[in-house]
Amino acid sequence: MQLQKQGLPFSEIALGGKLKIILALIYYLVDQKNMCSRLFLLFLFLLPVTQSFSQTYITDDTVSDVDNQKLIPHQTVIIIGDLISKIQRADKVSIPANAIVVAGAGKYLFPGLTDAHVHFSQTGGLYTRPDAINLQEFKPYPEEIKWSHEHMEEVLRRYLKAGITTVIDVGTTVNFLKQREEFKNATYSPTIYMAGPLLTTYEPNVFKSLKDDSPFNLVTSVEDANKAIAQQLVYHPDLLKIWYIVGQDTSDIEASARNYLPIIKAIIDEAHRNDLKMAIHATKLITAQLSVENGCDYLVHSIDDEIMPDDFVKLLKKKKTILCPTRVVHDGYGNTFGQNLNMTVHDLRTGDPFQLGSLMDLKHIADTVLVKKYMTHSNKPETQASSKKVDDIMRINLKKLSDGGVIIATGTDAGNIGTLHASSYLAEIKAMQESGMTNWQILQASTVNGAKVLDKEKEFGTISEGKKANLILLDANPIENLDNITKIYRVINKGMIIDPDTLVRETPEALVQRQLNAYNFRNIEAFLETYADDVEVYKDKDKLLYNGKEELRKIYTELFDNSPSLHCEILNRIVQGNVVIDKERVQFAKGRVIEGVAMYQVEEGRIKRVYFVQ
Ligand SMILES: [Zn+2]
């Protein structure tokens, strides 16, 4: 018996491919003339197959029953292949000698989380929505698209590391629908569901010529709608999505909503004819109401213009329409544009460091006129007041919905400016908590209700016999404290036991960038996390400035506390092996700017030495 076999996150075996391999082998074996070689080959081939389907026992843990909001202690969960085979009282189970065992005593087993609203075509960084802020002069949008594709695997790994075993992309591009096929059987990847490009009556100019890279599909008539859907179906989306934006044709919102209704209704009907769920972006009460009355299955945002009438809450419950509140995405934009972002240690530790860092670029971008316009607008008392009003309405509506028994699914809208993939999940569930939902309600919204979006609650979302073994084994109880959802001991994905720390490899450059982000956000704990305990900081080659983390803590706490406008811009960066050399321009107080070079030497995943040259 092995005490614990780790998953192989960097060299997966494709589970679905196994059947094909076995069939190919049978043909090959029949071809072999010699009986001995047939038997030997059969033995060789079946060995890995039986191994990968061996039984895993997660012993004596506390199992969550999210449907009934109960914790059941001393349970052993048996996994065969990618399914939960049995759940039994720990003292009733005898463990076979060849089983994989994960010691679960003192730990909490929850279903893997679902983020029911993400966009892989967006990075979460500053340059990802040129229709919201056009900075193409500094970073052309095609570069951003390229980045998203090249980093999709890493983004998926970040999701899994955060315990998110299912993601629903509610509006992507044809090229992402194609790319997701690569990750279907990868055990480092959450299960991905995707809607096609957003069917919309309004398309921002900047996306118009992007073809298969556009997340929008303009439809201006019922015929257009049917044609667009037929085109999307070729790429097998799991659901369809409408961007129900009103007020472009007339300032009378209700008249505008009703003008577009025949197209909206035609799309919903066509989705249902094709057995697909219909997700709709409808943030106004009138658009949401018309959507639901006409068969929308999934509202992907809160209603933010009015407090919902009780009748509408009842209608959602009766029709089993699911709603995803996306509480934090709105502020992500406002706080980035106004440069009022607040990043926690969790954000700085787990978000993509380069996209996170880009959110601070407004502090040094050369187009100061544009920056000032955004900054002034975002910080105007009227703008702040209207943001607060929107937030208050969303908060009150969410409480009404959860009290009224409407199915809520957790989703971040990650990928939008200021809402980073994977790391923003914690902020989202905390905002749900702040709206008055209980931790159990939030955990339901984050697990089984995510499965309900696609009618897949019989497949995953709870810890039940026969369901997918997509689970998280936590070191502490998230029902007591929501933060404990980040204390992940193991992720179980597609039946594989994975140590979350093995999922994302941090390069020396990424580590230095993480350190820079913490510096710019003046977050001392996140900053120190990137340094070795015995770090040495030199001026020039040999003059030792500081020695050890505690000395660093003293110096930098004082600097962070006394420099509200502190900002470091990287003018140039060279990476060679474990050495990162940054040419930096640092603004300390208003007007006081210093340029210099910092050379970072990384050892064992931490910054071991720094040399400053001025
Ligand atoms: Zn969205």
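This note covers model confidence, the zinc site and the cysteines.

1. Confidence. The model is predicted. The protein chain averages a pLDDT of 92, and 91% of the residues score at least 70. Residues 1–24 are one of them. In the model, that stretch still has 47 contacts beyond near neighbours in sequence. Residues 43–52 also have a pLDDT below 50. Beyond near neighbours in sequence, residues 43–52 have five contacts. Read both stretches with care.

2. Zinc donors. The zinc ion has protein donors in His 117 (NE2), His 119 (NE2) and Asp 413 (OD). They lie 2.1 to 2.2 Å from the ion. Along the chain, their spacing is H-x1-H-x293-D.

3. The site links distant parts of the chain: His 117 and Asp 413 are 296 residues apart. His 117 sits in strand E6 (residues 113–118). Asp 413 sits in the loop between strand E15 (407–408) and helix H15 (424–434).

4. Burial at the site. His 117 is buried, with a relative accessible area of 0%. Asp 413 is buried too, at 6%.

5. How many disulfides does a search of the whole structure find? The count is zero. Take Cys 296: its closest cysteine sulfur is in Cys 324, 12 Å away, so the two are too far apart for a bond. Seen from Cys 324, the closest cysteine sulfur is that of Cys 296.

6. Cysteine burial. Cys 296 is buried, with a relative accessible area of 3%. Cys 324 is buried as well, at 0%.

Notes: Residues are numbered from 1 along each chain as its sequence is written. This is a predicted model: local features need pLDDT of at least 70, side-chain atom pairs count only at pLDDT 80 or more; totals for chains, interfaces and linings use all residues. Side-chain values use heavy atoms; hydrogens and water are left out. pLDDT is the predictor's confidence in each residue, from 0 to 100. Contact means heavy atoms within 4.5 Å. Donors are N, O and S atoms within 2.8 Å of the metal (3.2 Å for Na, K and Ca); water is not among the atoms, so sites may look incomplete. Helices (H or I, at least four residues) and strands (E, at least two) are DSSP runs, numbered from the N terminus. Buried means under 20% relative accessible area, exposed over 50%, partly exposed in between (1.4 Å probe, protein chains only). A disulfide is a pair of cysteine sulfur atoms within 2.5 Å.
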